[in-house]
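Subject: Structure handover

Hello,

Here is the structure we talked about. My notes on it follow below.

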Amino acid sequence: MADPVQETAEIKALALELGFDRVGVTTAEPFQALHELLLERIRHGLMGGLAWFTAERAAVASDVHHLVPAARSIISLAMSYLGSDAYLPSTPGTPRGRVARYAWGRDYHPVLLQQTARFIDELRRRYGHTDARKGMVDTARIVDRAVAQRAGVGWYGKNTCILTHSHGSWVFLAEVVTDLELVPDRPLRTTCGACTRCMPACPTGALIRPGVMDVGRCISYLTIEERGAIAADLRAAMGDWIFGCDVCQEVCPVNRKAPAAARPEFGPAHGIGPSPELLPLLPLTPEEFSARFAGTPIKRAKRDGLLRNVCIALGNIGDPVAIPALGTALTNDPAPLVRAHAAWALGRWQEPAARRALDAARRREGQDGVRSEIELALGG
Ligand code: B12
Ligand code: SF4
Ligand code: SF4
């Protein structure tokens, strides 16, 4: 007869040996309050345009038995991705965008899925074969943070991130759901206390109450998940972020003590890095985009989404060196989405060159949405 206390301790040690930074265990019991809370967020329109965040998903996410019927325990895993590179500021003639830390290098999904697969293989070797074990990373219909909170891996910050004592919020979360009966951890008693620093720091006011986000206002949502035009009143607040946003984590005092992770796969050598130059990105063709960003998180924004973000960042940075490249995008880019945001960016300058580019495009442009952006840019 297996001793659950010893088994749990061995399994946690194994997770750390395999390279995870934090591990905790919770039962497979349904997440009682979560279902209603998710439905409420959907009802109040707080999940932005995430079309896949449905009532059906909320039901599945609140009870892991929908995904693994024989589940008895959930092992919550966290892996740090904090890099040690610094952001380079834009300098005159070289405008640069900012990329959220999690996206500097390789896509984390295959990296963590491979680690959870190794973990499950080892569980099979030690505790016998069963199909009732499943690794989950981000895309599974489960709320990774709710699991991590209940398993004592970290606590919910007012910025809605899970904060860990050792690595702050710079961690990816994953789970292994298992039929093994393990000893659950207790949720941490830590909270943010009186701190509220992240809330006023959010550039778009997306943190509407402590621990509650209006997803449709979050720059991370806007730059990665939004497929259409970005609401005009949010564009200026996006600053130079071209993929994701870390402001509410950068200002968090808990994150100050977090050590950098020695994981080169999440670093600039394997992807776009922290502060790419923007002008070389603007002429990317779909083929060049796919070739350059295969295997990295950037592909999620798709080519037109990334170039839309680049246009906004160039308009916000305001270096006139960008005017010719934006003019070319406004005239030649095949995507109306990119042309529309190039027009908005050009409207930020009073320079005659910017106005000439807008004027010329107004005469040629056949797409209504783009034409109205040009009119607004000229008018404003
Ligand atoms: C959708 C999604 C997004 C959306 C919405 C984020 C959100 N806050 O819901 C967008 C695109 C904006 C986003 C952004 C980011 N994401 Co994201 N995202 C997800 C995803 C796929 C689902 C999240 C979800 O279900 N949200 C629904 C809401 C309702 O959940 P919730 O915020 O956790 O709700 C809880 C709190 O409101 C809390 N609560 C309620 N009342 C109160 C009151 C107080 C006082 C407090 C403190 C808490 C609290 O209880 C709720 C239920 O548990 C998960 C992966 C997954 N499958 O879980 C990754 C995930 C959450 N994202 C992740 C990451 C890394 C990011 C970014 C950092 C990326 C970036 N740099 O741009 C940002 C962080 C922005 C932020 N401040 O949250 C990580 C988070 C790791 C961590 N340490 O927390 C996850 C877990 C992916 C992963 N597997 O690693 N993301
Ligand atoms: S990620 Fe940026 S935009 Fe989103 S809540 Fe945090 S600070 Fe606000
Ligand atoms: S900044 Fe302060 S309130 Fe916000 S998550 Fe960090 S500790 Fe919590």
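Which residues surround ligand 3? They are Gly-157, Lys-158, Asn-159, Leu-163, Cys-192, Cys-195, Thr-196, Arg-197, Cys-198, Cys-252 and Pro-253, where a residue counts if one of its heavy atoms lies within 4 Å. This shell divides into six nonpolar, three polar and two charged residues; Ala, Val, Leu, Ile, Met, Phe, Trp, Tyr, Cys and Pro count as nonpolar, Asp, Glu, Lys and Arg as charged, and the others, Gly among them, as polar.

Before the rest, the conventions. This is a predicted model, in which local features need pLDDT of at least 70 and side-chain atom pairs count only at pLDDT 80 or more, while totals for chains, interfaces and linings use all residues. Residues are numbered from 1 along each chain as its sequence is written, chains are lettered from A and ligands numbered from 1 in the order in which they are written, and side-chain values use heavy atoms, with hydrogens and water left out.

Ligand 1

The shell around ligand 1 has 41 residues, the closest being Asp-138, Tyr-156, Asn-159, Gly-211 and Ser-220. They divide into 27 nonpolar, eight polar and six charged. Helix 2 (32-43) supplies the largest share, four residues (helices are DSSP runs of H or I with at least four residues, strands runs of E with at least two, numbered from the N terminus).

- Gly-211, a backbone N or O atom 2.5 Å from a ligand oxygen
- Cys-245, a polar backbone atom 3.0 Å from a ligand nitrogen
- Ser-169, a backbone N or O atom 3.2 Å from a ligand nitrogen

Cysteines

The disulfide count is zero, taking a disulfide as two cysteine sulfur atoms within 2.5 Å. Cys-252 is buried at 11% relative accessibility, and Cys-248 is buried at 16% (buried is under 20% relative accessible area, with a 1.4 Å probe and protein chains only).

Aromatic rings

There are eleven aromatic pairs, meaning Phe, Tyr or Trp rings (for Trp, the six-membered one) with centres within 6.5 Å. In one of them, the centres of Phe-172 and Phe-266 are 5.2 Å apart and the planes at 70°, so the pair is edge-to-face (planes over 60 degrees apart). Phe-172 is in strand 7 and Phe-266 in the loop between helix 9 and helix 10 (286-293), so this pair ties together parts 94 residues apart in sequence. Phe-172 is buried at 5%, and Phe-266 at 2%.

Regards

Methods:
Polar contact = N/O pair within 3.5 Å; in protein donor to acceptor, adjacent residues only side chain to side chain. Buried < 20%, exposed > 50% of the residue type's maximum accessible area, 1.4 Å probe, protein only. Phe/Tyr/Trp six-rings, centres within 6.5 Å; stacked < 30°, edge-to-face > 60°.
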